[in-house]
Amino acid sequence: MPEATNSLTIAIDGGAASGKSSTSGRLAERFNLMHVDTGSHYRTLTHALLELGIKTEAQDGLVKLLRSLNFQTRIEGRSAHLCVNDKIPSREALRSEEVNLAVSVFAAIPEVRKSLFNYQRNQPKIASDHGFSGLIMEGRDIGSVILPDADFCFYLHADESTRAARRANQGQPDAIAQRDKLDKARKTAPLTCPEGAIRIDTGKRTLEEVLDYITAIIEDA
């Protein structure tokens with residue numbers, strides 16, 4: 001467990017293209033928070049595994065390989081990025097079709113999630129050490145597993161067609177339905193709305209409306 005801090009911690013959960021990154025990034029600016037995208041952690045690790053010859057259909061040697069990997073954090077602006085053996089893939093590489101097809105498969109493997117657990121749990125301390133007022137972390141198991149004691153927990157959602165259109169508009173086609181199915185069905189830390197989380201339908205609000213709604217809740221508290 002990370003050392004306790006007095007800083008603000010916000011957990012943002014939701015499926016693919018539910019608005020987590022846009023919302024988290026802007027909130028990080030408003031509240032001087034370090035932004036951690038755990039989805040990018042799994043994409044970075046997936047990219048590394050594929051580069052090292054591990055395939056989704058043939059995972060021989062995966063556990064041994066995971067134990068040999070070194071995880072570090074590189075901060076750019078307000079964003080904290082995972083480095084695997086001192087390497088961060090380009091955004092284009094992380095959003096490649098190969099990574100898109102493999103990331104949910106690898107993320108469903110208990111050993112993969114276990115390999116990142118302590119690293120992710122330690123992010124509030126990293127935020128404090130770097131002078132941020134706190135941490136906003138987004139993903140699919142933040143409020144339920146990684147930061148269950150976060151000060152605020154929000155669950156973003158939108159219908160499948162809305163989320164697919166967002167990905168298309170970003171020039172990043174994604175198998176939304178397939179990823180949802182894998183994320184919700186995995187045995188370890190499945191995608192779910194954490195108990196007590198505030199649900200927000202981002203398909204029925206603009207980004208600014210979502211930001212103002214969350215900001216009001218935090219400031220009122």
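The model is predicted, so local features need pLDDT of at least 70 and side-chain atom pairs count only at pLDDT 80 or more, while totals for chains, interfaces and linings use all residues. Residues are numbered from 1 along each chain as its sequence is written, and side-chain values use heavy atoms, with hydrogens and water left out. Helices here are DSSP runs (H or I, at least four residues), numbered from the N terminus.

- Two packed helices are described by the angle between their axes and the distance between the axes.
- Axes are lines fitted to C-alpha atoms, for helices over the stretch in contact, and angles run from 0 to 180 degrees between N-to-C directions.
- Helix H5 (residues 97–107) packs with helix H10 (residues 176–185) at an angle of about 15°, and their axes are 9 Å apart.
- H5 and H10 are therefore roughly parallel to each other (angles under 35 degrees count as roughly parallel, over 145 as roughly antiparallel, 65 to 115 as roughly perpendicular and the rest as oblique).
- Their contact (heavy atoms within 4.5 Å) involves Asn100, Val103, Ser104 and Val105 from H5, together with Arg179, Leu182 and Asp183 from H10.
- Three nonpolar, two polar and two charged residues make up the contact of H5 with H10.
- In these classes, Ala, Val, Leu, Ile, Met, Phe, Trp, Tyr, Cys and Pro count as nonpolar, Asp, Glu, Lys and Arg as charged, and the others, Gly among them, as polar.

**The cavity beside these helices' residues**

- On a 1 Å grid over the protein atoms alone, a cavity is a set of points where a 1.4 Å probe fits but cannot get out, and a pocket is an open set with protein on both sides within 12 Å along at least five of seven lines; lining residues have an atom within 4 Å of a point.
- Grid points are joined across faces, edges and corners, and a volume is the space filled by probe spheres set on the points.
- Searching the whole structure gives one cavity of 30 Å³ or more.
- The largest cavity holds about 30 Å³ of space.
- Its lining consists of Asn100, Leu101, Ser104, Ala175, Gln178, Arg179 and Leu182.
- At least two lining residues come from each of H5 and H10.

**Helices H9 and H10**

- Helix H9 (residues 160–169) and H10 cross at roughly 120°, and their axes come within 10 Å.
- Glu160, Arg163, Ala164 and Arg167 of H9 make the contact with Ile176, Ala177, Arg179 and Asp180 of H10.
- This contact has three nonpolar, no polar and five charged residues.

**Helices H1 and H11**

- Helix H1 (residues 20–31) packs with helix H11 (residues 207–220) at about 50°, with axes 10 Å apart.
- That angle makes H1 oblique to H11.
- The contact of H1 with H11 has seven nonpolar, three polar and five charged residues.

**The largest pocket**

- The largest pocket contains about 920 Å³ of space.
- Among its 48 lining residues, Ser21, Asp37, Arg91, Arg95 and Glu138 are the closest to its centre.
- Helix H2 (residues 38–51) gives the most to this lining, with six residues.
- By class, the pocket lining has 13 nonpolar, 19 polar and 16 charged residues.
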